[in-house]
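Welcome! Take a moment to look over the model below, and then we will walk through its parts together.

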Amino acid sequence: MKMTQRALLGATVSLALAGAAMAETTITVATVNNGDMVRMQGLMDDFYAKHPDIKVEWVTLEENVLRQNVTTDIATGGGQYDVITIGTYEVPIWGKQGWLESLNDLPADYDVDDLLPAIRGGLTVDGNLYASPFYGESSFLNYRKDLAEKAGITISDAPTWDEIKAAAAAMTDTEAGVYGICLRGKAGWGENMAFLTTMANSYGARWFDENWQPQFDQPEWKAVMTDYVELLTKYGPPGASNNGYNENLTLSLQGKCAMRMDATVSAGALTDPAQSEFADKVGFALAPDAGLGKRANWLWAWSLAVPSSSDAKDAAKTFINWATNKDYLALVASKEGWRNAPPGTRTSLYANPEYAALPFAKMTIDSINAADPTNPTVKPVPYVGVQFVAIPEFAGLATSVGELFSAALAGQKSVDDALAEAQALAVSEMTAAGYIK
Amino acid sequence: MARATSPRRKALTTLAAWSVALVIFFPVLWMILTSFKTEPSAVAMPPQLFTADWTLENYAEVWQRSDYPRFFWNSVVLSLGSTLLGLAVAIPAAWAMAFVPGKKTKDLLMWMLSTKMMPAVAVMIPLYLVFLKLGLIDTRIGLVLALMLMNLPIIVWMLYTYFKEIPAEILEAARMDGAGLFKEIVYVLTPMALPGIASTLLLNVILAWNEAFWTIILTTTKAAPLSAFIASFSAPQGLFYAKLSAASTMAIAPILILGWFSQKQLVRGLTFGAVK
C-alpha cells in the first residue's frame with residue numbers, strides 16, 4: 001500500500017514539475033485578414049511542434065480597424081498585443097517614437113541579409129530593424145497579350161507613359177466591353193492616392209519640397225492629373241472614380257481591362273486558371289516612367305513587429321522568427337506550392353529555380369527593386385516613402401486630397417480646381433501641424 | 001368609425017407595404033444568398049442574385065477558423081448584462097423624472113440625450129486610458145459597464161415616456177395604502193409598465209448586440225463579441241465576400257430570430273404614446 005502511495009506521490013510531483021517547466025507563455029497576435037495571414041493560421045501546428053511552450057491567440061481585424069486598435073493600444077502603452085501587423089507607412093513613424101522593439105537580436109538563422117534591400121530599408125530606422133516583413137509587394141502593369149497582338153502593338157517590359165497612352169487608345173473596344181486601362185479612382189490614401197503618388201513620382205512631381213511646402217501648384221502635378229483624368233475618361237471603365245483594388249481586379253479577371261496597373265500581389269489570381277479564363281493571356285511589365293529615372297511603382301510590406309509595451313517580447317520574437325524565416329516559405333511551398341509562398345521579402349525566394357519559373361516572379365522582384373523609399377522622387381524631398389509620406393498627418397491629408405482628385409475624375413470639378421483646393425488644404429494642414437513655420 | 005376600404009385599395013396598400021419591406025430587407029437577403037456562394041460567384045460582375053454553384057463551405061470554414069460559441073456567448077452576456085443593469089439604474093431615474101419632476105428635469109433629459117450626439121471617437125483615448133488604468137480592457141464587466149452607460153440615455157428616455165402615460169393617482173393610492181418607495185416601484189409601477197419595459201429591454205438588447213465601435217476597441221480575445229467576429233472576416237479590398245457574408249449571417253441570425261418573434265412588442269413599444 002505504502003509503495004503505491006509513494007508511486008502516486010512521485011508521479012504527481014513529477015507531473016507538477018513538468019508542468020512548471022512547460023509553463024506556457026501566451027502571446028496575442030494582431031493581424032489583417034488576407035490570404036497569406038489566413039494561411040499562416042492554418043500552419044500553426046508546425047509552430048506548436050517547435051515551440052510547445054508558446055500559445056498564440058489571434059486577433060484578426062479589417063485593415064483600418066486593426067490600424068485604429070493597434071495605434072490606440074501602442075500610443076497608450078496598453079500592452080494588449082505582443083505581435084502586431086503593420087505596414088511600411090507606420091514602421092518609420094512608430095520606430096522613431098520608440099513604440100517598437102528592435103529586432104536586431106533575432107537569431108542567426110533568421111538571416112537578415114537575405115531580406116530584399118528595398119524592403120529592409122523601409123523597415124529600418126537609425127540602423128534598427130523594427131519590423132520583419134511577412135510579405136512585400138510593388139505595383140506593375142498587367143495586360144492582355146491577345147488584345148495587344150490584335151491591336152498590332154507591343155508593350156515593352158519597361159514601358160513609358162507615352163507607350164501606355166498609345167496602347168490604351170489602341171486596345172479600347174467599348175462595344176466589346178473592353179477598356180484600355182483600369183486604374184484606381186476610389187478616394188483614399190491607400191487607394192487612388194497610392195497610385196497617383198507613384199505616378200507623380202515618375203512625372204517629377206512631389207508632395208512637398210525640402211521645406212515641407214506642398215507642391216500641388218507646380219506644373220508637374222498638373223501634367224499628372226491631366227493625363228490621369230484623360231486616360232480614365234477616354235479609355236477607362238465607366239464609373240472609374242468608384243473603382244479600387246478589388247473592382248479593377250475583378251474587371252481584369254473577367255478580361256475587361258486591356259491594361260491595369262496595380263499591386264504585384266494580384267499576379268497569383270490573374271494567372272490562376274480557376275479564377276480567370278484569361279490566365280494564359282496575361283502579360284506583365286514594369287510600371288511606366290516618363291524618362292526621368294523614376295518608375296510609377298510603389299513598395300509595401302505587411303510586417304510583424306513587437307510593441308515596446310509587450311510583456312512577452314522573447315516569445316513574440318520567437319514567433320516572428322518562425323513566421324518570417326526562410327523555412328516558413330519552404331513550409332508553405334511544401335503544403336500549397338511555391339505559387340502561394342508569401343512574395344517580396346527574401347532574395348533567396350527569387351533565387352529558387354522553382355519560384356523563378358512562375359510567370360510573375362521576375363517582374364515582381366524587378367518592380368520591388370525599382371522602388372526606393374529613401375529616395376522616391378526625381379527632385380529631393382524631406383520624407384521617406386514611395387506611395388506615401390511617412391508622417392502621421394499623411395493618412396488624413398491624403399484621404400482628403402484623394403477625395404478632391406476623385407471628384408475631378410468624376411467630372412464634378414476641374415483638374416485646376418482640384419489641384420488648387422489640394423494645395424490650399426495641404427498648406428493649411430502642414431502649417432497647423434508645425435511643418436511650415 | 002373606421003373608413004371602409006375597397007379591395008383594390010387594400011391590395012395596392014399590401015403591395016406597397018411588401019415592396020417597401022423587400023427594399024429594406026434586400027441587403028440582408030443579398031448577404032444571406034452571398035454566404036452560400038463561392039468567392040468568385042460572390043464578386044461576379046455583373047452581380048448575380050442566384051448562382052449555379054451553391055455551397056456550405058463558407059460556413060464550414062468560418063466555423064473552423066473561429067471560436068464562434070465564445071463570441072456568441074460574449075454577445076449574450078454583454079447585451080443582456082448591459083440592458084438589465086441599465087434597467088436597474090433607469091427605472092428609478094425615470095420614475096423620479098416622471099412623477100416627481102424638478103425644475104431642471106427637462107434640461108437633464110435633454111442633456112442625457114445630447115451625449116448620444118457626441119461622436120464616440122471623441123472620447124476614445126480618454127475612455128481607453130480609464131479602462132487601461134482600471135484593468136477593464138478585454139473584460140466582460142468593463143464592456144457591460146461601457147454599453148450600459150452608452151445606452152442609458154435611451155433607456156431612461158423610453159421609460160420616462162411610458163411612465164408618463166401612467167396616472168400618478170394610482171401610485172398615490174398605493175402610497176396611501178402604505179406602500180413604501182421600493183414597493184411602489186416594484187409592485188405597482190413596474191407591472192403596469194411591463195410592456196414598455198419589455199420593449200425597452202428588447203431594443204437595448206439589439207442596440208448592445210449590434211454595437212461595433214467600443215466592443216472592438218476595448219477587447220482583444222477574451223471579451224470580444226460577435227462584432228469582433230465579423231470584423232475578423234472583413235478585408236478592405238473586398239476579399240472573401242462570401243466568408244464575410246457567412247460570418248455576418250451567423251452573427252445576426254440570433255438577433256434576427258429574436259426580433260421576428262418579438263416584433264409585436266417592439267412595434268407596440270416604439271409607437272407607445274405616439275397617438276393620444
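## Two domains in chain A

In this predicted model, the C-alpha centres of domain 1 and domain 2 of chain A lie 29 Å apart. Domain 1 covers 23-130 + 299-356, and domain 2 covers 138-298 + 374-432; such bounds come from an automatic or database domain assignment.

Where the domains touch, 8 residues of domain 1 of chain A are in contact with 12 residues of domain 2 of chain A (in contact means that the C-beta atoms, placed from the backbone, lie within 7 Å). On the domain 1 side, α5 (90-97) and β9 (299-305) of chain A each supply at least two residues. Helices (H or I, at least four residues) and strands (E, at least two) are DSSP runs, numbered from the N terminus. By class, this side of domain 1 has 6 nonpolar, 1 polar and 1 charged residues. Here Ala, Val, Leu, Ile, Met, Phe, Trp, Tyr, Cys and Pro count as nonpolar, Asp, Glu, Lys and Arg as charged, and the others, Gly among them, as polar.

## A pair of helices

Now find α10 (residues 219-235) and α18 (residues 394-409) in chain A: their axes come within 9 Å and cross at roughly 50 degrees. Axes are lines fitted to C-alpha atoms, for helices over the stretch in contact, with angles running from 0 to 180 degrees between N-to-C directions.

In this pair, M225(A), V229(A) and L232(A) of α10(A) meet F405(A), A408(A) and L409(A) of α18(A). The residues of this contact divide into 6 nonpolar, no polar and no charged.

## Where the chains meet

Moving on to the chain pair, 25 residues of chain B are in contact with 23 residues of chain A. Both α6 (124-133) and α11 (214-217) of chain B supply at least two residues each to the side that touches chain A. The largest share of that side, 5 residues, comes from α6(B). This side of chain B divides into 17 nonpolar, 6 polar and 2 charged residues.

## Confidence and conventions

The predictor's confidence in each residue is pLDDT, from 0 to 100. Chain A averages 91, with 95% of the residues scoring at least 70, and chain B averages 87, with 93% at that level. For the complex, the predictor gives an ipTM of 0.75 and a pTM of 0.80.

Residues are numbered from 1 along each chain as its sequence is written, while chains are lettered from A and ligands numbered from 1 in the order in which they are written. Local features need pLDDT of at least 70 and side-chain atom pairs count only at pLDDT 80 or more, whereas totals for chains, interfaces and linings use all residues.

Definitions and conventions
Two residues are in contact if their C-beta atoms, placed from the backbone, lie within 7 Å.
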